[in-house]
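User: Hi, I'm new to reading protein models. Can you walk me through this one?

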Amino acid sequence: METALILEYLWVLVILIGLEGILAADNALVMAVMVKHLPNKQRKKALFYGLAGAFVLRFIALFVISYLVNIWQLQAIGAAYLLFLSINHLVKTYSANVKSSKQKRVKPKRQSGFWMTVVKVEIADIAFAVDSILAAFALAITLPTTPFPSIGGMDGAQFAVIFLGGMIGLIIMRFAATLFVKLLHDRPALETAAFIIVGWVGVKLVMLTFAHPALAIIPEAFPQSTVWKFTFWVVLLSIAIAGFLAKPKEEVSHKSSRGR
């Protein structure tokens with residue numbers, strides 16, 4: 001592989017890891033609440049077994065989707081879902097009922113036994129993985145093809161980037177979630193930025209759908225063009241930088257209290 005191609009793949013992998021980390025932080029909070037009622041030893045085992053099972057299920061899901069990824073109807077559904085996810089989060093964030101809705105979502109209705117808790121953790125991870133898997137496919141599918149053998153219906157290197165991004169996301173969710181939770185607590189705008197990025201990735205998937213030979217709404221080569229790639233990454237980085245540079249929570253609270 002050429003150096004430029006390797007760098008492009010590594011760049012997408014870094015973006016996926018960052019996006020997975022931010023999206024996984026809230027998910028980790030929900031999972032922590034799900035196992036909170038268990039004794040300490042069982043709590044750790046439930047998270048380990050649940051995430052181990054979720055890892056296998058996620059790999060199977062990736063393999064199945066890799067066969068269907070070139071179907072434009074699936075691309076259209078994925079694009080619509082990512083855009084809905086982004087818009088829905090923004091609406092909820094600025095809604096008066098967002099706080100109460102989050103409390104209802106993470107508060108378990110009743111305590112479950114050990115294995116039922118494991119099953120719930122696996123199901124929760126798969127549900128949480130849908131957005132990140134679709135975003136990963138949208139980012140990776142337009143990467144240049146490589147000499148690596150195909151996996152399913154995808155280029156082997158593209159599949160590897162998605163797989164590694166998801167695997168590292170699970171590791172982050174299990175071991176480094178507290179760091180991301182603290183970061184999101186200090187800079188809440190990062191979460192909003194992450195979901196805006198998810199919506200922007202949805203726009204990328206829209207372009208891929210429009211360029212599909214079955215539709216040909218835009219030129220087939222457009223998603224691979226330098227102009228579109230440059231525009232996409234500039235906008236994505238601008239969103240990420242704006243989210244990180246937004247005023248920290250403590251600073252906002254201090255100014256609001258000073259103005260009273």
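Here is a short chat about the model above.

User: What kind of model is it, and what are the ground rules?
Analyst: It is a predicted model: local features need pLDDT of at least 70, side-chain atom pairs count only at pLDDT 80 or more, and totals for chains, interfaces and linings use all residues. Residues are numbered from 1 along each chain as its sequence is written, and side-chain values use heavy atoms, with hydrogens and water left out.

User: Where is confidence lowest and highest?
Analyst: pLDDT is the predictor's confidence in each residue, from 0 to 100. The chain averages 75, and 70% of the residues score at least 70. Helix α4 (residues 98-106) is lowest, with a mean of 49. Helix α8 (residues 226-245) is highest, at 87. Helices here are DSSP runs (H or I, at least four residues), numbered from the N terminus.

User: Which residues touch the most others in the largest nonpolar core?
Analyst: Leu139, Val201 and Phe232 do, in a core of 39 residues. A nonpolar core is a set of buried Ala, Val, Leu, Ile, Met, Phe, Trp, Tyr and Cys residues joined through side-chain atoms within 4.5 Å. Buried means under 20% relative accessible area, exposed over 50%, and partly exposed in between (1.4 Å probe, protein chains only).

User: Which helix gives the largest share?
Analyst: α7 does, with nine residues of this core.

User: And what does Phe232 touch?
Analyst: Leu139, Trp200, Val201 and Lys204, leaving aside residues up to four places away in sequence. Contact means heavy atoms within 4.5 Å.

User: Back to α8. Which residues are buried there?
Analyst: Trp228, Lys229, Phe232, Trp233, Leu236, Ile239 and Gly243. They cover an arc of only 125° around the axis, so they sit on the same side of α8. That arc is taken from the directions from the helix axis to the C-beta atoms. On the other side of α8, Thr226, Val227, Phe230 and Leu245 are exposed.

User: New topic. Is Thr209 buried or exposed?
Analyst: Thr209 is buried, with a relative accessible area of 4%. This residue is in helix α7. It touches Trp72, Gln75, Ala76 and Leu215, not counting residues up to four places away in sequence.

User: Where is Ala216?
Analyst: In the loop between α7 and α8. Ala216 counts as exposed, at 52% relative accessibility.

Key: Helices (H or I, at least four residues) and strands (E, at least two) are DSSP runs, numbered from the N terminus.
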